[in-house]
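Here is a short briefing on one protein chain. Look at the structure first, then read the notes by topic.

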Amino acid sequence: MRQIDSIRRFAGNFEQELEEVAKQVAAESFGLESSSADSPDLALEVLRGSRRPESVGGEADARMLDYMEAIILDRLRPAYFIQDDEILIAGAYDHAQVLEANKEALETIARGVGRVDLVNHRTLSYGGTGWLVDEDIVVTNRHVAEIFTEKDWIGRYRFAQGAFDEQMEARMNYVRQHRTSGINRRADVLEVLYIAGPREPDIALLRVETRDDLKPLELFTGSTEPEQPVAAVGYPAWDGGRNDPVLMERLFEGVYDVKRFSPGIVMDHRSDGVIVLGDYTSLGGNSGSPVLDLASGKAVGLHFAGAFRDTNYSVAADVVAAALARTRIGVTVPADLATEAPTSRPEAFAGRNGYAADFLGSGDLSVPLPGLGAHAPDVAPVSDSDDGVLRYRNFSVIQSASRRLPLLTAVNIDGDKTFRLRRQGTWSLDGRLAPEHQIGNELYRHNPLDRGHLVRRRDPGWGATREEAQQAEIDTFHYTNSAPQHKDLNQKDWLGLEDYILEAAETKDFKVSVFTGPIFRDTDRTLRSQDGAEDIPIPEEFWKIAVMVNADTGKLSATGYVLTQGRMIRDLTEAAFVLGKYETYQVQIARIEDAAGLDFGALRDSDPMGAELDREAVFTSATRRIGAPSDLLL
C-alpha cells in the first residue's frame with residue numbers, strides 16, 4: 001500500500017508541491033511578492049527543469065539563480081572532506097554525537113556515492129552526483145542526466161553528441177576525494193533507464209557497471225521528522241554566482257569538485273511528504289546527492305535544489321523507491337519474449353482463404369491487392385504459393401525479405417458475421433517463410449516497442465461459425481502481421497477507424513476491406529544494442545486505406561490515413577513541423593502511394609480527397625487531422 005501511495009504522489013501531487021515551493025522561493029528567497037509579475041512561474045520553470053538557470057535574466061530573475069544549490073547557515077553546517085574514504089570531522093556541528101556514533105558505518109555507505117564524470121562534453125568535466133540504489137542502477141537528478149543525453153524518436157534516452165561530434169559518455173567516479181590517491185573505483189554508465197518528465201520529481205536512473213566492492217544505499221521507509229540529523233554526500237563545485245563568495249570560501253577553503261559530507265537537519269517536509277526540506281550545505285555539483293539519516297545511514301531523500309539562506313530540497317526516498325520499482329517493471333523482459341518464438345507448421349495453414357478481391361462485389365467493385373512497384377523483387381518467397389502472398393483466414397500478408405517485416409496486409413471485415421471472441425493466440429513465426437525473412441521475439445526485448453497488429457485481432461474474426469472466426473483471430477498472432485510500434489502509438493488503436501466506418505450509415509452491408517502497412521524509408525533507424533535485431537530498421541510511420549461501398553451511390557469509397565510523427569506531413573509545407581506525439585491524419589491515397597511506393601490503381605478515383613497528387617498543396621488543404629470520428633471525410 002505504501003508503494004501505491006508513493007506512485008500516486010509521484011504521478012499526481014508533485015505538481016502542487018512544486019507550485020508551493022515556487023511561491024515560497026519567489027516571496028521569501030527573492031524578496032518578491034508571490035502574486036507579482038511572473039516570479040512564481042519563473043521559479044517553477046527553474047525547479048521543473050523546463051528553464052535552465054543560466055537562461056533567466058533581469059534583476060529579479062537573477063536572484064532566482066540562487067535557487068538551484070545553496071548555503072543555508074554560516075554556522076554549525078560544515079562541509080567535511082572525505083579523504084581516503086574517511087569523514088574528516090573538523091568544525092562544529094550541533095548533532096556531532098550522532099555522527100561520531102555512526103561514523104564508521106556512514107563512511108562505508110558513502111563509498112556508494114560517486115561523481116557523474118563526463119567525457120566529450122564541450123565545457124563540463126562532471127555533471128553532478130549519483131548514488132547506487134541497486135547493484136547496477138544509479139539514481140541522480142533529471143537535470144543532471146539531461147546534460148549528456150537526448151531522446152531518440154521512440155522516446156528512449158541515448159548519449160548526446162558532444163565536442164568534435166563525438167558521442168558523450170558518462171562514468172561514475174566513486175572516489176575523487178581530497179588528497180586521496182591510489183584508490184580507483186570507476187564504472188561506466190551503460191544506458192539511461194528513466195528520466196522523469198518536467199512536471200515530475202527531479203529523478204533519473206542510470207544503468208552502470210557493477211562493482212563487487214560497492215553496495216547500494218538503502219532507502220529510508222519511515223517519515224522524516226523536524227530536527228532529524230541528516231547529511232548530504234556529494235561533490236560541490238565553485239558556485240559564487242549563486243552564493244556569497246566570501247562565505248563559500250570560508251566553508252569550503254577554496255577546494256571544490258571533491259567528495260564532501262555535509263551534515264544538517266531535516267527542517268520540514270511538504271504536506272504529503274514528497275519533498276524533504278533540510279539545512280545542510282550544498283553547492284552546484286551536489287545535484288543528485290543522497291541525503292542520509294545519520295542514525296540509520298539510510299537515504300531519506302535525493303537532493304535537487306536549494307535557496308540561499310533558506311532551505312535545501314530533496315525528493316523523498318519513497319518517491320525514489322516508486323520510480324525504481326516502476327523502472328524495474330519496465331526493463332523486465334516478459335516471459336513470452338524471454339525465449340525464442342515458436343514457429344507454426346506450414347501444413348497448419350491448409351485451406352486458408354486469404355484476402356478476397358471480390359469481397360465487396362465484382363467488376364468495378366472488385367478491390368485487388370495493390371501493385372508492388374519497386375518492392376516486387378523484395379517479396380519474401382512463400383512455400384505454399386507462387387505469388388508471394390501469405391494467406392490466413394480472411395486476410396493476407398506480403399512480407400518484405402530485406403526488412404523482415406510485413407510490406408502490407410489486406411483484410412476483409414464483415415460486420416454482420418462478426419463474433420465477440422475471447423483473446424486467444426500466441427505470437428509465432430510462420431513456417432512458410434525462411435527464418436532469415438522474418439523477425440520474432442528478439443526485436444521486442446529491452447525497449448518500449450509493442451508488437452503492433454497491422455490487421456487488428458478482431459477484424460478478421462467473422463465467419464459462418466465461431467470456429468472459423470476464432471481461427472482467424474489466432475492467425476493474427478503471427479509476426480508476419482506485426483510491426484514494431486511505440487507503445488503510445490500501438491495503444492492509440494487508429495482511433496477505431498474500422499469500427500466507425502463499419503457503423504456509418506452509408507456503409508453498405510457493413511462490409512469493409514482494409515489495407516495497412518509501414519512506410520519504409522532509407523532513413524529509418526535501427527535499435528541500439530538490440531541483440532539479434534541490430535539489422536532491423538524501425539519504420540516511423542504507418543498507413544491505412546479503408547474501402548467500402550457507399551450505400552447511397554453504390555460505388556466504392558476509399559479513404560487513406562497515416563499515423564505519423566510528422567515526417568510525411570512536414571514534407572507538405574515549407575513551414576517547420578514540430579515532431580511530437582503520434583497523430584492520425586486523413587490524406588490522399590495518392591500521397592500514400594507516393595510515400596509507400598505502392599500502386600492502388602482505381603482506388604485513387606474513389607478517394608473523396610481527390611485523385612491528383614498536389615505536391616505543392618499546403619498543410620491545411622492536403623490533410624485532415626483525425627481526433628474524432630466526426631473528422632473523417634467519407
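Strands β1 and β2 (residues 86–88) pair in the antiparallel sense over three bridges. The model is predicted. Its protein chain has a mean pLDDT of 82, and 80% of the residues reach 70 or more.

**Strand β1 and its partners**
- F81 has L88 of β2 as its bridge partner.
- Two residues lie between the strands of the β1–β2 hairpin, where D84 takes a positive phi near 50°.
- Strand β12 (residues 260–269) runs antiparallel to β1, and two bridges join them.
- Y80 stands opposite F261 in β12.
- From β1 (residues 80–83), Y80 and I82 point one way, and F81 and Q83 point the other way. All four are buried.

**Nonpolar cores**
- The largest nonpolar core has 47 residues. W131, V133, V139, I203, L205 and F261 touch the most other members.
- Beyond four places in sequence, V133 touches V139, L205, P216, L217, L219, L324 and R328.
- A second, separate core has 46 residues, including Y355, Y444, W462 and I519.

**Helix α5**
- K103, L106, E107 and A110 are the buried residues of α5 (residues 103–110).
- These buried residues fall within an arc of 105° seen down the axis of α5, so they line one face of the helix.
- E104 and T108 are exposed on the other side of α5.

Note on methods:
Residues numbered from 1 in each chain as written. Predicted model: local features only at pLDDT ≥ 70, side-chain atom pairs only at ≥ 80, totals over all residues. Heavy atoms only, no water. Buried < 20%, exposed > 50% of the residue type's maximum accessible area, 1.4 Å probe, protein only. Arc of directions from axis to C-beta. Core = buried A, V, L, I, M, F, W, Y, C linked by side-chain atoms within 4.5 Å. Contact = heavy atoms within 4.5 Å. pLDDT = per-residue confidence, 0-100. Pairing = 2+ DSSP bridges.
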